[in-house]
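Please open the structure in your viewer and keep the sequence panel beside it. The tour below moves from one selection to the next and says what is found at each stop.

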Amino acid sequence: MTFFLSAQHIARRRRRRHMIPVMLGGAVTACAIAVVGYLLWPTWGTRASSNPARLPVSVGATLFNVPTMAVRRKVQRHSGPQERVDLSFTYPALEAPDAPKHVSADTIEESVQPIDRIFLSISAHHDILAPDSRVRTIYPRYLEQATSPGQDGLSMRAFRDGTPYSNEDLFLAKSPALYARCTRDAATPGMCLSERRVDGADLTFRFPRNWLAQWRDVANAMDRLTLQLHGPKR
């Protein structure tokens, strides 16, 4: 009986000795698999890359540095040459507006806010008549003779009925320089258009007509935006 128990004890010791190399081999294999898996695991994440704060854009071979979030159309949100770029800025801060909030049919009436945007389109002019030349040579053909003096140095001349600019008025000022062609208030509030040329591009600003009550602020805002986007004249 004693011999039988001793034989069983010896057999168990032998099995344990045989299991040790097997266990060590399994541990080494598991470590190797873990290392290989770590090295081969993809390192990219799912986060979308953020857009740059500003984009260098060439319009009419003229370089502009535009705020990315000010670009109104997603298809235009890229750097490089473009035929036209449409922008909007808050007024009077002249900053890129926040992303529009979702509006449902139930909340659309509550979401209507006063217009606080100044819109700007930058487009290649392809050597068409310059905006200031149009004011001097084209518009006078269609204007009424009478000039209405406005407030604080701003004057107004109405376009004649039956002309291409009927139901519009032309506002002019010298210091700071301003000219704006504005529709008259009707079912919708009047809007103004003011243009200027910068090298190979024309800048077209649009803003509500009622802002002309502070026309100096508007004129200075357009000058500041031009400077921010293109830099000082050389």
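**Before you select anything**

This is a predicted model, in which local features need pLDDT of at least 70 and side-chain atom pairs count only at pLDDT 80 or more, whereas totals for chains, interfaces and linings use all residues. Residues are numbered from 1 along each chain as its sequence is written, and side-chain values use heavy atoms, with hydrogens and water left out.

**The whole chain**

The chain has 234 residues, of which 33% count as buried, where buried means under 20% relative accessible area, exposed means over 50% and partly exposed lies in between, with a 1.4 Å probe and protein chains only. Among contacts (heavy atoms within 4.5 Å) with a separation of 6 or more, 50% are between residues 24 or more positions apart.

**The nonpolar cores**

Next select Phe64, Leu87, Ile118, Ile122, Phe207 and Leu212, which touch the most other members of the largest nonpolar core, a group of 37 residues. Such a core is a set of buried Ala, Val, Leu, Ile, Met, Phe, Trp, Tyr and Cys residues joined through side-chain atoms within 4.5 Å. Helix H4 gives the most to this core, with seven residues. Now centre on Phe64, whose contacts, leaving aside neighbours within four places in sequence, include Leu55, Val57, Ile122, Val198 and Leu229. A second, separate core has seven residues, among them Val135, Tyr139, Leu143 and Tyr165.

Select Asp132, Ala177, Tyr179, Glu195 and Arg196, which lie nearest the centre of the second largest pocket among the 17 residues that line it. On a 1 Å grid over the protein atoms alone, a pocket is an open set of points where a 1.4 Å probe fits, with protein on both sides within 12 Å along at least five of seven lines, and lining residues have an atom within 4 Å of a point. This pocket holds about 370 Å³ of space. S10 (191-198) gives the most to the lining, with five residues.

**Two loop residues**

Go on to Gly200, in the loop between S10 and strand S11 (201-208), which is buried with a relative accessible area of 18%. Not counting residues up to four places away in sequence, Gly200 touches Val59, Gly60, Thr62, Ser123, Ala124 and His125. Gly200 and Asp127 are 73 residues apart in sequence, yet their C-alpha atoms are 8.0 Å apart.

Finish at Asp98, in the loop between strand S4 (84-90) and helix H2 (108-111). Is Asp98 buried or exposed? At 70% relative accessibility, Asp98 counts as exposed, and its C-alpha atom is separated by 7.7 Å from that of Met69, a residue 29 positions apart along the chain.

Technical notes:
Points joined across faces, edges and corners; volume = space filled by probe spheres on them. Helix = DSSP H or I, 4+ residues; strand = E, 2+ residues; numbered from the N terminus.
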